[in-house]
Amino acid sequence: MKRTLLVGIGQMGKNHAKVILSDETKDIELTAVCDADPARLTAFRQDYPDIPVFLIPKDGHFANDALAAATAQNIQSFDSVADIIRAMECDTLVNATHNRSHVPVLEDAFQAHDTDGAPMIKTVFQEKPFA
């Protein structure tokens, strides 16, 4: 079973979540979802309460009131996608972020290594354009 982290839950991210959670994808588990927008995370959690959601920084920092909003909604924050991958033991990444975030998210994700030093992410689904 592929343990999947979905990064970005805008329109494309929601579509990916529906496909991953459908009966057609039996070997993929949506392990966690992360986004830089606490409102999107809150809305996603209302539809899928059993899937952990996490706040991540956008362009290297959290938006003005994002941390306060996330805390008020009991949403945990992480400083990086790699930290979530390690914490949730994900081996698959779906990157559905905005175009300008594609490369930084991938670079961050590939920093996650297991205790033996091997990369944790084995499979990536990347929205276009790649860079």
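Select F78 to begin: with a relative accessibility of 13%, F78 counts as buried (buried means under 20% relative accessible area, exposed over 50%, and partly exposed in between, using a 1.4 Å probe and protein chains only). You are looking at a predicted model, in which local features need pLDDT of at least 70 and side-chain atom pairs count only at pLDDT 80 or more, while totals for chains, interfaces and linings use all residues. Residues are numbered from 1 along each chain as its sequence is written, and side-chain values use heavy atoms, with hydrogens and water left out.

**Around F78**

F78 sits in the loop between β4 (76-77) and α4 (81-88). These labels come from DSSP runs numbered from the N terminus: helices are H or I runs of at least four residues, and strands are E runs of at least two. Now show the contacts of F78, where contact means heavy atoms within 4.5 Å. Leaving aside neighbours within four places in sequence, F78 is in contact with F54, L55, I56, P57, F62, D83, I84 and A87. Pick P57 from that list: its C-alpha atom is 7.8 Å from that of F78, although the two residues are 21 apart along the chain.

**Two ring pairs**

Rings of Phe, Tyr and Trp (its six-membered ring) pair if their centres lie within 6.5 Å; planes under 30 degrees apart count as stacked, over 60 as edge-to-face and the rest as tilted. By this rule there are two aromatic pairs. One of them joins F44 and Y48, and this pair is tilted, with 4.8 Å from centre to centre and 35° between the planes.

Colour β1 (residues 2-7) and β2 (residues 28-35), which pair in the parallel sense over six bridges; strands pair if DSSP finds at least two bridges between them. Find L6 and you will see V33 of β2 opposite. Trace the chain from β1 through helix α1 (residues 11-21) to β2: this β-α-β crossover is right-handed. That word applies if, with the strands pointing away from the viewer, the path from the first strand over the helix to the second runs clockwise.

T4 has T92 as its bridge partner in β5. Continue to β6 (residues 123-126), which runs parallel to β5 and is joined to β5 by four bridges. Here V94 stands opposite F125. The chain goes from β5 through α5 to β6 in another β-α-β crossover, and this one is right-handed.

**Into the cores**

A nonpolar core is a set of buried Ala, Val, Leu, Ile, Met, Phe, Trp, Tyr and Cys residues joined through side-chain atoms within 4.5 Å. Which residues have the most contacts inside the largest nonpolar core? They are L5, V7, V81, I84, I85 and L93, in a core of 20 residues. The largest share, five residues, comes from α4.
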